[in-house]
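Please keep the sequence and the three-dimensional view at hand while reading.

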Amino acid sequence: MRAGGLIVLLCGLLAVVFLSITVGARPISLGDVWAALTAPVSDSTTHRIILELRLPRTLVGLLVGAALGLAGAILQGATRNPLADPGLLGIEAGATLCVVLGIAVFGITTLSGYVWLAFLGAGIATVLVYVIASLGREGATPVKLALGGAAVTAALSSVTSAILLTSVQTLDQIRFWQVGALTGRTMDILWQVAPFLGLGIVLALTTGRILDGLAMGDDVARGLGQRVQLSRAFVGVVAVILAGAATAACGPIAFVGLTIPHVARAITGPNYRWLLPYSMVLGPILLLGADIVGRVIAPPGELQVGIVTAAIGAPFFIAFVRRRKLAEL
Amino acid sequence: MFKSLFAAALLLGFAAAPALAEEWTYTDGTGQTVTLDHVPNRIVMHANTAAGLIPLGIRPIAIYVDTPVAEDKSLQGLDLTGIEIVGEAWGQIDIEKVAALKPDLFLAEWWPLDKAFSGLESGAGSTNQQILKLAPITGPTQGDSIVKLIGDYEVLAKSLGADLNAPQVVADKAAFEASLEKFKAAVAAKPNLTALPIWAGTDGLYVAATAGASELMDFASWGLKLITPEVADDRGYWETLSWEQADKYQPDLVLVDNRSDATMETAKAQPMWTSIKAAAAGQVTDWPAFWLRNYKAYAGALDKLTAAIEAADENLTN
């Protein structure tokens, strides 16, 4: 039954990918789309829109959606915190600060330049959170990780705000990145982040057994022979790879990571070996779906996917939470 | 005898008093009049107003800027020695620094759409209004022409004691008029040429409405054919186009907002930038957007535009 559900979702994902390539701010006929994909003419504007705008943004959306869904699921599992998302460990705050510093201090203005900065920031912030949480006798417990993450996020965000308040030019540059968007993502950016996203996704799918163990509580997990601290550190590293690369590619889109695991959990129950693949498929359905809505809702312009995800996702999530008892972590 | 002498001295004194402390009056574009009992000489100005008045010989004691000073286009090339900076972010004025300077007047531009002087807009810092307790504020009105605005600055500068016949002032104006003639001639020589003023972001292409920018209205009045976008947003400044729609307008010359150098880089990095034929052909130049305030800067901007117009193929698009 769970396998059948996954197949249904995969069909849904295919449909979203199809729409993502065929629907946009510029109406393009299916025939032209097919021609662009099979026999592209290099000076045709229509063909270039398909190949240089829609295809990269669809692929980026696919990978980033999967990464965010998985990152949220494994973070919620590792910290046993239903509110965990890539924002929790300071990943997004760190990435944002590094990108802002890059613009303000080094004058970097290209999206491909932001990628490495975001990665660096995500890594530094997470290490910092982990070190803070590890202080004291009992090591990095879920509660201390959450508190450390909240504190580091607050500290980094205030530095970011201070820089943005004093430099309008930096604010101008960062504003579209900070909302979270799939527009303007070219093949270059895809090639930069795809290896990390691919690796992260494969590693995340192997953490099912670890997370099922951690879900029983640290003591039980330890009793079953699991090395709790090591497991948690491994899952943390995978989450940084996933969320860091996703943030690098699209800017901070936190909402997907928070909600998708809850939706997946409602379908699969608490078993991570099913929850992880479900999250991986549901993530891009939400992200690409929101992106498609954003493309057609404000013609001849577009709305950023970060805004649409939150606008569509939040009411849906509230209704979802109210209607059914969420599976406990 | 002494008595009458005393009376005469008193009379003389009264007669002389107004001549010693001359009254100063200025009426802004909305009809509001500011009167001071002396010609102000401790003036705090918004950066753009300083950019209008410094070249005419009137120097502020302090300025507030919407960005870090180095990033403000209007201040480029001006000598700011001895001028204190009391704000380097939009809407932020350091009220304590300003109070310590004991200013006798604030000068800024009146924005009819916002119904406010620069720095006192509704979104600006809430403490900014307190500058009005230190001294009154006035200044010329933003309108449909930078040339008219510069003329308003000349009137204001003269009332503040500037010598508009100073050699540098006269030379700057003459240079501008020469540049303007060349610009008009270049435009007249290419009657088919159309231009499109834009701002570029990774999220889309923003096409400027001519009526939203004073210098664009100047260019149009001098014969340059600017494409006007069909739909403008609620403030009437821009039409937002998805990059998929970037080829909606096909000008012969693209003018890129140059308030930030990054805008041109962003534009060139977009795959669909070259779907605008003029961009593909390299017929792209700077649009000195919203920041021209004096003849010298205007002459430089016009020369650059003239060169681009002369080099452009006017029949690139029809």
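The model described here is a predicted one.

- β3(B) belongs to an open sheet of five strands with parallel pairing, in which the order is β5-β4-β3-β6-β9 (chain B).
- The edges of this sheet are formed by β5 (84-88) and β9 (137-138) of chain B; each has a single partner strand, so one side of each lacks a neighbour in the sheet.
- On the one hand, β3(B) runs parallel to strand β6 (residues 105-107) of chain B, to which three bridges join it.
- Within that pairing, Met45(B) is placed opposite Leu107(B) of β6(B).
- On the other hand, β3(B) pairs in the parallel sense with strand β4 (residues 62-65) of chain B, again over three bridges.
- Here Val44(B) is the residue that stands opposite Ala62(B) of β4(B).

**Chain B as a whole**

- Chain B contains 10 helices and 15 strands.
- Its C-alpha trace extends over about 95 × 45 × 35 Å along the principal axes.
- Of the 318 residues in chain B, 44% are buried.

- In chain B, helix α5 (residues 146-159) packs against helix α7 (residues 214-221) at an angle of about 115°, and the two axes are 8 Å apart.
- α5(B) and α7(B) are therefore roughly perpendicular to each other, as the range for this term runs from 65 to 115 degrees.
- From α5(B), the residues Ile146(B), Val147(B) and Leu149(B) meet Ser214(B), Glu215(B) and Asp218(B) of α7(B).
- This contact of α5(B) with α7(B) is made up of three nonpolar, one polar and two charged residues.
- In chain A, helix α13 (residues 272-297) and helix α14 (residues 305-323) pack at about 105°, with their axes 8 Å apart.
- α13(A) and α14(A) are therefore also described as roughly perpendicular to each other.
- The contributors from α13(A) are Leu286(A), Leu287(A), Ala290(A), Asp291(A), Val293(A) and Gly294(A), which meet Val305(A), Val308(A), Thr309(A), Ile312(A) and Gly313(A) of α14(A).
- Seven nonpolar, three polar and one charged residue form this contact of α13(A) with α14(A).

**Where the chains meet**

- Chain A has 27 residues in contact with 28 residues of chain B.
- On the side of chain A that touches chain B, at least two residues come from each of α3 (45-79), α6 (142-166) and α7 (168-179) of chain A.
- That side of chain A comprises nine nonpolar, 13 polar and five charged residues.
- Gln173(A) lies in helix α7 of chain A, and its contacts beyond four places in sequence are Ile103(A), Thr109(A) and Ala262(B).
- Although Gln173(A) and Ile103(A) are 70 residues apart in sequence, their C-alpha atoms are 7.6 Å apart in space.
- Gln173(A) counts as buried because it has 27 C-beta neighbours inside 10 Å.

**Residues with positive phi**

- Arg80(A) is not a glycine, yet it has a positive phi of about 45°.
- Arg80(A) is situated in the loop between α3 and α4 (91-106) of chain A, and it is buried, with 20 other C-beta atoms within 10 Å.
- Phe290(B), likewise a residue other than glycine, has a positive phi near 70°.
- Phe290(B) is found in the loop between β15 (284-287) and α10 (295-311) of chain B, and it counts as buried with 20 C-beta neighbours inside 10 Å.

**Confidence in chain A**

- The average pLDDT of chain A is 87, and 97% of the residues score at least 70.
- Among the elements of chain A, helix α1 (residues 2-22) has the highest mean pLDDT (94), whereas α7(A) has the lowest (72).

Note on methods: Residues are numbered from 1 along each chain as its sequence is written. Chains are lettered from A and ligands numbered from 1 in the order in which they are written. This is a predicted model: local features need pLDDT of at least 70, side-chain atom pairs count only at pLDDT 80 or more; totals for chains, interfaces and linings use all residues. Axes are lines fitted to C-alpha atoms, for helices over the stretch in contact, and angles run from 0 to 180 degrees between N-to-C directions. Helices (H or I, at least four residues) and strands (E, at least two) are DSSP runs, numbered from the N terminus. Angles under 35 degrees count as roughly parallel, over 145 as roughly antiparallel, 65 to 115 as roughly perpendicular and the rest as oblique. Two residues are in contact if their C-beta atoms, placed from the backbone, lie within 7 Å. Ala, Val, Leu, Ile, Met, Phe, Trp, Tyr, Cys and Pro count as nonpolar, Asp, Glu, Lys and Arg as charged, and the others, Gly among them, as polar. pLDDT is the predictor's confidence in each residue, from 0 to 100. A residue is buried if 20 or more other C-beta atoms lie within 10 Å of its own, exposed if 12 or fewer, and partly exposed in between; C-beta atoms are placed from the backbone. Two strands pair if DSSP finds at least two bridges between them.
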